[in-house]
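Take a moment with the sequence and the 3D view.

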Amino acid sequence: MLDAYEDNSDAGNIYLTGFMCAGKTTVGDALARRIGWKFVDLDKKIEELLGKTIEDIFRKEGEFYFRKLETEILNTLAKDRKQVIALGGGTVISEVNRALIRDTGSLVYLHAKTKTVLRRLKNDKSPRPLLSELSSQMRKESRIVEMLGEREKF
C-alpha cells in the first residue's frame, strides 16, 4: 500500500489525527521517512511561526484564537503536496479543517485508549493546555474521556 504513495507524483497529503499522545508525531515522522515525503507537525509549526508555545498561546490568547490560527496555518500547509502532517488533537473538530483535509489528502486516525493516553502523559513532558489546569489524575482521566467522546465522531 505504501508503494502507491512512494510512486505517485500527484499524491495529496497524509494527515494524521488522534488524541494527544496517540503517536501522531512518532508515526508521522517514521511514515514520512519510509515514503520519502516531508513531515510536518502542525503544533510545532505554529510554535515556530509565532515564537510561542501552544500552552502560551492558549493561556494568553485563548482556545478560540488558537483554533483560528490553526486553520490559517493548516490552509497554508495544505497547498503543498507529498507531506505527512501530524494534526493537533482538536484540529478535526472544525468542519472547515475537515473539508480542507478531504480536498487535499487522506486522513488517518490513530486510536489510543484512555489508559494508554494516561500512561503516556505521565512520561511526556510536553505541556498540554487542555489538561494543565487539572491537578488530580482522576480529573484528568475524566476530562480525557469527555474529550475523546466529543471528538470520536470526527
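What follows is a short tour of the overall build and then some salt bridges.

This is a predicted model, where local features need pLDDT of at least 70, side-chain atom pairs count only at pLDDT 80 or more, and totals for chains, interfaces and linings use all residues. Residues are numbered from 1 along each chain as its sequence is written, and side-chain values use heavy atoms, leaving out hydrogens and water.

The protein has eight helices and four strands (DSSP runs: H or I of at least four residues for helices, E of at least two for strands, numbered from the N terminus). Starting at the N terminus, the order is α-β-α-β-α-α-α-β-α-β-α-α. Of the 154 residues, 41% are buried (buried is under 20% relative accessible area, exposed is over 50%, partly exposed is in between, using a 1.4 Å probe and protein chains only).

Now for the salt bridges (a side-chain nitrogen of Lys or Arg within 4 Å of a carboxyl oxygen of Asp or Glu). The count comes to nine, including these:

| Pair | N to O distance |
|---|---|
| Lys-52 and Glu-61 | 3.9 Å |
| Arg-67 and Glu-70 | 3.1 Å |
| Glu-95 and Arg-102 | 2.9 Å |

Where do these residues sit, buried or exposed? Arg-67 is buried at 18%, and Glu-70 is buried at 1%. Arg-102 is exposed at 52%, while its partner Glu-95 is partly exposed at 41%. Lys-52 is partly exposed at 32%, and Glu-61 is partly exposed at 40%.

Arg-67 and Glu-70 lie three residues apart in helix α5 (residues 63-77), so about one helical turn separates them. Glu-63 joins Arg-67 and Glu-70 in a network of salt bridges.
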